[in-house]
Amino acid sequence: MSTDEITLSVQTALKEDLGGTLDPRADLTSALIPEGTSCEAVIITREAGIFCGRAWVEEVYRILAGDKVSLEFLAEDGSKIAPGQEIVRLKGDARLVLTGERTALNFLQSLSGAATTVSAYTAAIAGTATKLLDTRKTIPGLRKALKYAVTCGGGHNHRMGLHDMYLIKENHIIACGSISKAVAKAKELRPSADVEIEVEVASLKELQEAIDAGVDIVMLDNFEFEDMEKAVALNDHRCRLEISGNVTIDTIASFAAIGIDYISVGALTKNLRALDMSLRLISEQQAAKPAEDEDQAAADTAKVVISDKESVI
């Protein structure tokens, strides 16, 4: 994902929060803090998961604060994080730290949540040759960000959009007249042989037609398990097979075990669950003064904790 695309995504999110501007002075509440106040803050995770979103957090504070807020990352994209772990430290202008807090957390929680879900699915099929794929079922405006999160969780990207691969589905087949006609037209029109052709089928009969047409990949859409096994035998490695539909964390291992090349799961990027994270703002006096005991330190920090378990963009 390019830096320009991240910048545009972050600018859009900040403008949502700042009434259409990128001027941090639009934040009414942060203006209550005396100008020039500096602070130290830390973002922690309350759940185990996979960290993802560093570039988006960096861009939030680059746009808002320039060099007035410094960031130290204690986790890298794709790394495992544990409950209570500090993942980012911030230091600088208190107004700007808090103005960027929600936008930074929205990106971090959402992308880390997606990466964490993907990690669980990939763990379920570990030891097989099957690759876990995402889909185009993404939150509008966050396609590439969420597909990046998929890779951080150990998954693989399917086509990025409508422009980079043929995926001939039921409605295309109806409109073209048949699988054979649709595939023939795709071969005629495709810009290069590198552009793959995939066909979605709903029966073993359609699978045979797709194989005979010479497609690269066949998607078995909502097949019963017994028919999946028959499809693998019928195909006999003539093309790659993908399973889609009715895939859950509980069923994916059994699907992978029959020799499927790909399993695509729309829920990876559609049914987002934010990872529970929070930003803790600690005054300079609190940061410098040693606490008498751990309980007191926790109490002091808790006075200024800002948390939102369920936030997503």
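How many salt bridges does the structure hold? Please then look closely at those formed by residues of helix H2 (residues 54-65).

Guide: The model is predicted, so local features need pLDDT of at least 70 and side-chain atom pairs count only at pLDDT 80 or more, whereas totals for chains, interfaces and linings use all residues. Residues are numbered from 1 along each chain as its sequence is written, and side-chain values use heavy atoms, with hydrogens and water left out.

The structure holds 13 salt bridges, each being a side-chain nitrogen of Lys or Arg within 4 Å of a carboxyl oxygen of Asp or Glu. Helices (H or I, at least four residues) and strands (E, at least two) are DSSP runs, numbered from the N terminus.

Arg54 takes part in a salt bridge with Glu58, in which the closest N and O atoms are 2.9 Å apart. The two residues are four places apart in H2, which means that about one helical turn separates Arg54 from Glu58. An α-helix has 3.6 residues a turn, so residues three or four places apart point the same way. Both partners are partly exposed, with a relative accessible area of 26% for Arg54 and 33% for Glu58; here buried means under 20%, exposed over 50% and partly exposed in between (1.4 Å probe, protein chains only).

Arg54 has a further partner, Glu76, in a salt bridge of 3.1 Å from N to O. This pair links distant parts of the chain, since Arg54 is in H2 while Glu76 is in the loop between strand E3 (69-73) and strand E4 (80-81), 22 residues apart. Glu76 is also partly exposed, at a relative accessible area of 43%.

Glu59 counts as buried, at 7% relative accessibility, whereas Arg62 counts as partly exposed, at 47%. Shared partners join Arg54, Glu58 and Glu76 into one network of salt bridges.

A nonpolar core is a set of buried Ala, Val, Leu, Ile, Met, Phe, Trp, Tyr and Cys residues joined through side-chain atoms within 4.5 Å. The largest such core has 45 residues, and Tyr61, Ile87, Leu90 and Leu279 are those with the most contacts inside it. Among the elements that give two or more residues to this core are H2, E3, strand E5 (86-93), helix H3 (94-124) and helix H4 (143-152); H3 gives the most, with 10 residues.

Leaving aside its neighbours within four places in sequence, Tyr61 is in contact (heavy atoms within 4.5 Å) with residues that include Val69, Leu71, Leu90, Leu96, Val97 and Leu279. Another core, of 36 residues, lies apart from this one and has Val215, Leu241, Phe255 and Ile263 among its members.

H2 is also one of the elements that cover the buried residues of H4, along with others including strand E2 (49-50), H3 and helix H10. The buried residues of H4 are Ala145, Leu146, Lys147, Ala149, Val150 and Cys152. Just after H4, Gly154 takes a positive phi of about 100°.
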